[in-house]
Amino acid sequence: MKKTAALFLVAAFAAAPAFAEQPLRFAASETLSYDDNIYLTDKNKKESFISTTRLGANYKAQIPSTGLHLTADAGVGYNAYTEKPSKNNYWEAMGGFGLFNDQFTIGDRVFYTSDPANNELTDRKKRINNTGYISYVTSREKMFGVGVLAEDLFDRYFESEMSYLNRNRVNLGAQLYYNMTAKTNFFVEYLFSDITYEDNKTNNSIGNRLGVGVNGQIASKVTGTAKVTYNMRDYEHSLAGADDYNDLIGYYVALTWKPTTRNTVRLSGDRKMEETRFGNATGFNRYFADTLVSLYGSHKLNDKLTASLTLSWENMDYAKRVNGTKRDDNLYVVKPQVDYQFKEWLSAGVWYQFRTRHSNWDGADYDSNKAGIFAKATF
């Protein structure tokens with residue numbers, strides 16, 4: 001639910017220079033894993049072995065005489081559990097396309113899953129997310145430039161009891177940038193957001209966000225984006241125990257450091273308002289301040305063997321007290337992994353993940369241990 005078009009734009013541009021001689025590629029993977037807490041709870045903990053099978057296809061091509069690149073991908077997966085298969089087994093699917101060059105981008109991405117949403121709701125619920133986006137920036141060859149962005153994010157749950165989360169979000173943005181070098185620019189931006197819920201009208205809101213940051217080659221071996229934001233949100237309907245206006249100082253960071261050809265370090269982070277419906281008559285939260293920091297590092301031990309480690313921390317801070325308690329959750333994840341490249345088209349690996357949530361809200365704590373092995377083939 002938290003994915004935005006910005007992630008897809010970054011992925012698309014990263015892939016643009018390397019259009020392979022084989023424009024259409026397929027991938028198949030199989031993961032066998034064990035999870036000691038599939039419901040992410042400290043009560044009614046259940047363990048399960050899980051088989052995850054995924055099939056996918058990716059197409060990349062350059063449109064002749066236009067300078068435009070086209071990319072399209074689709075995938076489907078099935079997750080099979082030994083614990084109550086009729087309840088826990090689920091399908092997942094994704095698909096999307098992008099049409100772009102150095103200045104223009106248009107695309108769409110759809111995602112279907114039953115995996116737990118990344119907020120205080122941890123039940124598996126079938127949902128679909130669709131993100132459409134379009135953007136344009138003036139030539140990077142000039143000292144000053146302008147960029148515009150429009151995107152539409154649609155979330156829908158299939159179970160009627162979750163219909164209060166069905167929403168549509170429209171973002172309209174503009175950016176002014178200064179090209180300090182051919183590879184680096186400084187920018188200021190503005191983003192307007194309109195969030196409309198189908199059933200939960202009390203959370204309908206208008207948002208405004210200001211940002212300032214830097215993008216591109218930030219240091220000799222560091223690339224990415226870093227910015228600070230000021231977020232403002234006005235709710236359309238008054239609600240007892242809740243504020244009609246909220247603001248938040250936030251940030252966005254996505255940096256990659258490659259000190260050597262064998263080492264990669266990625267730092268990502270985000271702080272923003274995330275929608276919720278947590279509370280009662282004593283105090284009602286229509287959002288929480290979501291702060292996320294993730295660090296990934298990898299090292300190639302040799303030409304075939306790579307070891308990596310992911311560390312992340314997420315804080316979910318609720319502004320309003322409920323029954324005298326101001327809820328505060330901290331989520332920690334540690335994930336080491338080892339990958340082996342047997343052939344250019346065949347790889348395999350083993351991983352372990354520890355995930356824990358510490359909360360001052362009764363019943364929200366949990367620990368989860370997962371481990372698995374996988375194999376992936378591309379052709």
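## Y34 and F49

In this predicted model, Y34 is partly exposed, with a relative accessible area of 28%, whereas F49 counts as exposed at 52% relative accessibility, a value that lies over the 50% cut-off for that class.

The model holds 10 aromatic pairs. One of them joins Y34 and F49 in a tilted arrangement, with 5.1 Å from centre to centre and 50 degrees between the planes. Because Y34 belongs to strand β1 (residues 24-35) and F49 to strand β2 (residues 48-63), this pair ties together parts that are 15 residues apart in sequence.

## F288 and Y318

The ring centres of F288 and Y318 are 5.1 Å apart and their planes meet at 40 degrees, so this pair is tilted. It links distant parts of the chain, since F288 lies in strand β14 (residues 283-300) and Y318 in strand β15 (residues 305-318), 30 residues apart.

F288 is buried, with a relative accessible area of 0%, and Y318 is likewise buried, with a value of 0%. Both residues also take part in a cluster, in which ring pairs link F278, F288, Y318 and W361.

Note on methods: Residues are numbered from 1 along each chain as its sequence is written. This is a predicted model: local features need pLDDT of at least 70, side-chain atom pairs count only at pLDDT 80 or more; totals for chains, interfaces and linings use all residues. Side-chain values use heavy atoms; hydrogens and water are left out. Rings of Phe, Tyr and Trp (its six-membered ring) pair if their centres lie within 6.5 Å; planes under 30 degrees apart count as stacked, over 60 as edge-to-face and the rest as tilted. Helices (H or I, at least four residues) and strands (E, at least two) are DSSP runs, numbered from the N terminus. Buried means under 20% relative accessible area, exposed over 50%, partly exposed in between (1.4 Å probe, protein chains only).
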